[in-house]
Each structure stands twice: as structure tokens, then as C-alpha cells.
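Here is a short report on one protein model. Look at the structure first, then read on.

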Amino acid sequence: MMRVALAIVGIFVSATAVGADEIKKRFGTWEVSIDKDRFNGESKVIALSMQQGDAVAVRCFPPEVSVVVGELSLGAGRFEEGMEFDVRFRADEGEIIEATGVALSDKIIQVEESRPMAEAIKKAKEFAFRLSFRGVTFDKVFKTGKGGQALGEVFKACP
């Protein structure tokens with residue numbers, strides 16, 4: 001299970017090579033990775049939390065902030081690259097935000113136009129995604145914990 005989790009973390013970190021300049025920080029269940037882009041020198045920052053077999057990452061690849069959601073299950077995942085999802089997001093009892101998502105792999109979905117979600121996660125105690133594809137719906141629920149501090153690192157890089 002640990003090897004599968006590490007492989008998925010590698011995918012979330014978007015297959016960037018670990019460089020000597022990479023910095024790792026921990027905030028509760030969140031791990032933050034800060035690395036320099038090898039081409040333009042800007043900071044790439046990823047805040048990742050793995051909870052109850054699921055993972056969420058908030059990423060800054062300048063100038064964009066993006067959110068990805070995934071599963072940590074063993075074996076092949078249930079998605080196919082390119083699948084489009086309807087995404088509903090809610091932080092605490094806040095407004096429901098609707099968006100679309102695209103499967104990047106068999107276990108990972110990138111949520112489009114996700115900056116408002118990232119901002120809500122930073123302030124929330126709990127947040128949830130409802131993902132739907134052709135009538136199949138499933139929820140991913142996360143406790144934020146110290147996510148506000150972790151996401152602070154992301155927003156420093158992508159103000």
C-alpha cells in the first residue's frame with residue numbers, strides 16, 4: 001500500500017524531478033513541496049493531503065492555481081484519461097461551486113477553474129467534492145486541519 005501511495009504522490013507532484021533546491025514542509029496531514037521551475041525560475045508549489053484512501057492537492061504552477069482529486073486504491077483505477085466529470089464542491093456550509101473536471105490518469109481528476117475552491121479550502125474546516133460521470137456519482141470528503149497554513153504557501157507563489 002505504501003508503494004502505491006508513493007506512486008500516486010509522484011503523479012500528484014506532476015512528475016517533476018526532485019532537485020537539490022526542493023523544499024518539503026509538513027502542516028498536519030498536508031505536505032507542501034516547493035521547487036523551482038527549471039525553465040523560468042518561478043516557484044512551483046504543491047500542497048497534498050491524503051485521507052481515508054483519497055488525496056487532494058492544491059498546486060501553483062505559475063500563474064495558475066489548480067486542484068486535483070484522486071484515489072489511492074491498489075491496482076488499476078476506475079477512470080480513463082480524458083474522462084470529463086461534473087464537479088460540485090462545498091467547503092463547510094458555504095456556497096456550492098460547480099465546475100468540470102478531467103481525468104489526468106486512471107486515478108486523478110483535475111478540476112477546471114478551481115482557484116475559488118482552493119481559496120475556500122484555505123478557510124474551511126471540512127470540504128467535499130461530488131464527482132459525477134454518466135449518472136455515477138461519488139463523494140470525496142476531507143478535513144482541512146492545518147490546510148490553511150499549507151495553502152498559504154501555495155498562494156504565496158500564485159498570489
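At 30% relative accessibility, Gly94 is partly exposed. That label covers values between buried (under 20% relative accessible area) and exposed (over 50%), with a 1.4 Å probe and protein chains only. Gly94 sits in the loop between β6 (84-91) and β7 (97-103). Its C-alpha atom is 8.5 Å from that of Ala120, a residue 26 positions away along the chain.

The model is predicted: local features need pLDDT of at least 70, side-chain atom pairs count only at pLDDT 80 or more, and totals for chains, interfaces and linings use all residues. Residues are numbered from 1 along each chain as its sequence is written, and side-chain values use heavy atoms, leaving out hydrogens and water.

Glu112 is partly exposed as well, with a relative accessible area of 30%.

| Residue | Loop between |
|---|---|
| Gly94 | β6 (84-91) and β7 (97-103) |
| Glu112 | β8 (108-111) and α2 (115-123) |

Now the whole chain. The protein has 3 helices and 10 strands. Helices (H or I, at least four residues) and strands (E, at least two) are DSSP runs, numbered from the N terminus. From that end, the order is α-β-β-β-β-β-β-β-β-α-β-β-α.

The protein has 159 residues, and 45% of them count as buried. Take the contacts (heavy atoms within 4.5 Å) between residues at least 6 apart in sequence: 50% join residues at least 24 apart.
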